[in-house]
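Welcome! Please take a moment with the sequence and the 3D structure shown here, and then read on for a short tour.

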Amino acid sequence: MAPSADPVSRIVIENVAIATVDAHDTEYASGHLVVAGNRIESIGAGPAPQGLQNVVRRIDGTGHLATPGLINTHHHFYQWITRGMATDHNLFDWLVALYPTWARIDEPMVRAAAQGSLAMMARGGVTTAMDHHYVYPRGSGDLSGAIIGAARDMGVRFTLARGSMDRSVKDGGLPPDFAVETLDGALAGTEATIDAHHDASFDSMTQIAAAPCSPFSISTELLRQGAELARRKGVRMHTHGSETVEEEKFCHELFGMGPTEYFESTGWLGDDVWMAHCVHMNDSDIAAFARTGTGVAHCPSSNARLAAGIARVPDMLAAGVPVGLGVDGTASNESGELHTELRNALLINRLGAHREKALDARQALRLGTHGGARVLGRTDQIGSLEPGKLADLVLWKLDTLAHASIADPVTALVFGAAAPVTLSLVDGKPVVEDNHLITADEDAIARATRDEARRLARIAAGA
Ligand SMILES: [Zn+2]
């Protein structure tokens, strides 16, 4: 028998509500999606085209909403094993309480924590994850390799923001002296991670960003040289910025200017940069982000947990600033879920100056999908459901008790309870089926993270 002229396998989904999150916010009340290999081949109203070859699976999407997979733009995976600590602290007090424990992490702990963080996000519809990892204790093993391996094994698209800290207490910083790297060590470690793991291809499953941690834990020289390194290597740049009033005060005292001016003076504004939080931004800060195309990872639950404040997301969007959503580390957002951040972004921003006009359901969904792709520099590939893009998508089940009485599916997804995921595809391959991870054993991960959390607590206590 002659080989097929068209060997690409196809998955066909029909009878499904679709929110494409394309440039026109195109939606279909009942439509179809055809996935061919790792790409979206066609999408539209009504049933799929007739005569498709090599259809390996047909899915009746009745009662479901299909959206682009969610994209997380800020996280710290290792914190999965230090959740529920220092629960009533602001950022600086919380950091000072946790640094001594974090400085004791090793490779098995980081691997288990990465699996826990990834599993929780993937189960909730995240198809592109990121980890900003900045704690590299001497002799702790290949932490970056362990994190990247965990993401690869789970089948999730991934950005590792290789972080670093070199400003400790003796230099006026916040972390203890034993928790930081040297300037040269941080730069060499970042360059080695880029060389070993960064894949710039269209279908890339692993990308690396250069990511010194925050103004109060890094030297000015690490910011400057980190930016030079990132631009020489052609990778993106990430850091924390303008998170709290304490950080603003720190920058004025040490550098004689606010965080945004400080970042601009060190080469850290640009369309290859995205920053977490950006809560304390005045009009000229927002204008500088818009002028330079600098992106923002909005982390509403973490900002509430640490009493940091409310980021001015409606003003950023009106100015044209790229904004995505972030879980942030799970020591400051114990749930570790991104689909609940759609709702929290909407609700928390309505507590700000714009009140009920702050964000609507479709804007919240856009933040978690296309907005995330923008800040990661990947809108050609992910973030919306369009022919030719990568097949990263989620089927949300909206016909059960939690959502069935809400007529509009996007409203149900964003305003309602966290919806179960019937199917999530990453690169055309299933990662979640019937609300369960199929690429990893959730119970085994739960046991490993509990054991590693206990081991870390024992080591940190000096036992
Ligand atoms: Zn963070």
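Predicted model: local features only at pLDDT ≥ 70, side-chain atom pairs only at ≥ 80, totals over all residues.

Residues are numbered from 1 along each chain as its sequence is written, and side-chain values use heavy atoms, with hydrogens and water left out. Helices (H or I, at least four residues) and strands (E, at least two) are DSSP runs, numbered from the N terminus.

**The open sheet**

- Eight strands make up an open sheet with parallel pairing, in the order β6-β7-β8-β9-β10-β11-β12-β13; two strands pair if DSSP finds at least two bridges between them.
- The edges are held by β6 (70-71) and β13 (323-325), each of which has a single partner strand, so one side of each is left without a neighbour in the sheet.
- In general, the strands of a sheet pair through backbone hydrogen bonds, either parallel or antiparallel.
- Between β6 and β7, which run parallel, there are two bridges, and Leu70 has Val126 in β7 as its bridge partner.
- Strand β7 (residues 126-133) also runs parallel to strand β8 (residues 157-164), and six bridges join these two; here Met130 is partnered by Thr159 in β8.
- β7 is mostly covered, as eight of its eight residues are buried, where buried means under 20% relative accessible area, exposed over 50% and partly exposed in between (1.4 Å probe, protein chains only).

**Helices across the sheet**

- Helix α11 (residues 339-350) lies across β6, β12 (295-298) and β13, and runs at about 125° to β13.
- Helix α12 (residues 361-375) lies across β6, β10 (236-241), β11 (273-277), β12 and β13, at about 110° to β13.
- For these angles, axes are lines fitted to C-alpha atoms, for helices over the stretch in contact, and angles run from 0 to 180 degrees between N-to-C directions; contact means heavy atoms within 4.5 Å.

**Two hairpins in a row**

- Strands β15 (residues 421-426) and β16 (residues 429-433) run antiparallel and are joined by four bridges, with Val432 in β16 as the bridge partner of Ser424.
- These two strands, β15 and β16, form a hairpin with two residues between them, and Asp427 in the turn has a positive phi of about 55°.
- β16 is in turn joined by two bridges to strand β17 (residues 436-437), and this pair runs antiparallel; Glu433 stands opposite His436 in β17.
- β16 and β17 form a hairpin too, with two residues between them, where Asp434 in the turn has a positive phi of about 50°.

**Two buried residues to look at**

- Gln79 lies in the loop between β6 and α1 and counts as buried at 1% relative accessibility.
- Leaving aside neighbours within four places in sequence, Gln79 is in contact with Trp94, Trp102, Tyr134, Gly329, Thr330, Ala331 and Ser332.
- Leu456 lies in helix α14 (residues 442-460) and is buried, with a relative accessible area of 1%.
- Although Leu456 and Arg104 are 352 residues apart along the chain, their C-alpha atoms are separated by 6.9 Å.
- Beyond neighbours within four places in sequence, the contacts of Leu456 are Ile81, Thr82, Thr101, Arg104, Ile105 and Met109.

**Pocket and cavities**

- On a 1 Å grid over the protein atoms alone, a cavity is a set of points where a 1.4 Å probe fits but cannot get out, a pocket is an open set with protein on both sides within 12 Å along at least five of seven lines, and lining residues have an atom within 4 Å of a point.
- Grid points are joined across faces, edges and corners, and a volume is the space filled by probe spheres set on the points.
- The largest pocket has a volume of about 320 Å³; of the 18 residues that line this pocket, the closest to its centre are Tyr136, Pro137, Arg138, Gly139 and Glu181.
- There are three cavities of 30 Å³ or more in the structure, and the largest cavity holds about 120 Å³ of space.
- Of the 16 residues lining the largest cavity, Leu91, Trp94, Leu95, Tyr134 and His240 are the closest to its centre.
- Helix α1 (residues 91-102) gives the largest share of that lining, four residues.
- The second largest cavity has a volume of about 50 Å³, and its lining residues include Ala19, Asp25, Arg362 and Val410.
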